[in-house]
Amino acid sequence: MSSAAIFVNIFALSCLVISLIKDRAKTKQSLLVAVKSFFRILPIVLIIIIFIGLLLGFVPLDLISKTMGEQAGFGGVILIASVGAILHIPALIAFPLAASLLKGGASVAAVAAFITTLTMIGTVTLPLEIKELGKKMALLRNGVSFIFAIIIALIMGMML
Amino acid sequence: MKNNVREKPRKGIIKDIAPLLVTLIIAIILLSIFPARQEAVLKISWDFFIEMGTILPAVMILMGLFSVWVSKEMVVKYLGKTSGIKGISLAIFFGALPTGSLYVAFPVASVLIKKGARTSNIIIFLSAWACIKIPQEMMELQFLGPKFMVARLILTIIFVVIMGLSIERIIEWSDKKAGKTRASGL
């Protein structure tokens with residue numbers, strides 16, 4: 001087990017113990033929610049795991065590095081940021097996918113752009129966002145998010 | 001009545017599992033056409049499966065705990081009237097707590113608008129909810145490493161705050177302009 005996984009498991013376990021001491025009924029309810037959401041997300045987790053295997057096993061690595069690597073430059077970052085903005089996959093699943101792209105030769109900037117637009121911008125949730133917040137605020141939030149995602153990605157690329 | 005209740009989740013499960021079966025079949029076909037790739041694909045998938053398996057249950061337990069302990073009313077109560085640095089920090093804090101998807105956050109934000117919360121706080125809250133969530137940061141730590149996670153987290157917090165403040169300015173400015181043209185039109 002990696003140190004990150006150990007840390008996360010200890011953190012979850014301590015929260016669980018504190019919750020159990022404070023309120024048994026609420027803890028039981030929480031665990032029920034946890035089990036339900038685990039099984040709801042499980043199919044897509046397995047899909048992504050198979051997909052990553054096929055991606056890294058079949059797609060030639062120089063294709064990944066050509067479209068999303070250092071040599072793809074700014075255009076590559078914009079391209080993958082747009083893909084992230086349009087795609088609607090659970091954020092939790094995005095990280096193993098991002099890791100596989102990085103392994104396959106994508107640049108740090110491209111991967112950071114992908115994750116940031118994927119989580120911050122929601123094209124599928126946009127209608128609801130407009131309904132609840134109004135057109136102006138919703139469109140501004142998503143539009144400005146795209147610009148800032150690119151800036152974050154470029155700084156990440158320079159730093160790491 | 002009972003039948004109805006039972007039918008629904010079953011249909012949901014079929015809908016969820018169908019894409020998985022399709023992916024599995026495609027993978028099996030591909031791997032039987034190209035047996036040379038089998039070893040690499042299976043090893044990569046297995047490694048990711050293990051990495052996912054050691055972290056996903058813990059993340060789900062955290063999300064379950066926080067969704068039960070932190071109520072919508074609590075978020076609205078605290079974010080409704082705070083402003084300044086305290087408001088910004090609270091907006092990030094409540095956004096980052098491991099509770100639910102964006103679908104849950106929009107109605108909360110809508111209530112906040114009606115309660116007169118600051119636009120910047122609402123934008124910061126929503127953006128934190130979308131991309132600074134604790135479970136996401138844990139996945140990022142696991143799969144992309146501490147350096148990547150910490151760097152992106154700090155940058156995201158900085159830019160989310162800048163974004164909240166600038167969108168608030170833009171909205172105030174355009175409201176004022178709309179008000180002026182309306183006034184001069186009268």
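B:Phe125 is buried, as is B:Trp129. Here buried means under 20% relative accessible area, exposed means over 50%, and partly exposed lies in between, with a 1.4 Å probe and protein chains only. The model is predicted, so local features need pLDDT of at least 70, side-chain atom pairs count only at pLDDT 80 or more, and totals for chains, interfaces and linings use all residues. Residues are numbered from 1 along each chain as its sequence is written, chains are lettered from A and ligands numbered from 1 in the order in which they are written, and side-chain values use heavy atoms, with hydrogens and water left out.

Both residues belong to helix α7 (residues 119–131) of chain B. B:Phe125 and B:Trp129 are 4 residues apart there, about one turn of the helix. Helices (H or I, at least four residues) and strands (E, at least two) are DSSP runs, numbered from the N terminus. B:Lys133 lies over the face of B:Trp129, at 4.2 Å from the ring centre. Such a charge requires NZ of Lys or CZ of Arg within 6 Å of the ring centre and within 35 degrees of the ring normal.

Over all chains, a search of the whole structure finds 8 aromatic pairs. Rings of Phe, Tyr and Trp (its six-membered ring) pair if their centres lie within 6.5 Å; planes under 30 degrees apart count as stacked, over 60 as edge-to-face and the rest as tilted. B:Phe48 and B:Phe143 form a stacked pair, with 6.0 Å centre to centre and 5° between the planes. This pair links distant parts of the chain. B:Phe48 sits in helix α2 (residues 38–53) of chain B and B:Phe143 in helix α8 (residues 134–185), 95 residues apart. B:Phe48 and B:Phe143 are both buried. The ring centres of B:Phe125 and B:Trp129 are 5.4 Å apart and the planes stand at 75°, so this pair is edge-to-face. One aromatic cluster is formed by B:Tyr78, B:Phe93 and B:Phe94.

Helix α8 of chain B also holds B:Met139. B:Met139 is buried, with a relative accessible area of 0%. B:Met139 and B:Val59 are 80 residues apart in sequence and 8.4 Å apart in space, C-alpha to C-alpha.

Chain B has 8 helices and 0 strands. Its radius of gyration is 23 Å, well over the 16 Å that the globule rule gives for 186 residues, so chain B is more spread out than a compact globule. The radius is taken over C-alpha atoms, and the rule is 2.2 Å times the number of residues to the power 0.38. The C-alpha atoms of chain B fill a box of roughly 75 × 55 × 40 Å along the principal axes. Of the 186 residues in chain B, 46% are buried.

Chain A comes to 8 helices and 0 strands. The C-alpha trace of chain A spans about 55 × 45 × 30 Å along its principal axes. Buried residues make up 51% of its 160 residues.

The largest pocket is lined by 46 residues. A:Pro90, B:Met63, B:Gly100, B:Ser101 and B:Leu102 lie nearest its centre. On a 1 Å grid over the protein atoms alone, a pocket is an open set of points with protein on both sides within 12 Å along at least five of seven lines; lining residues have an atom within 4 Å of a point. Helix α2 (residues 24–58) of chain A gives the most to this lining, with 8 residues.

Conventions
On a 1 Å grid over the protein atoms alone, a cavity is a set of points where a 1.4 Å probe fits but cannot get out, and a pocket is an open set with protein on both sides within 12 Å along at least five of seven lines; lining residues have an atom within 4 Å of a point.
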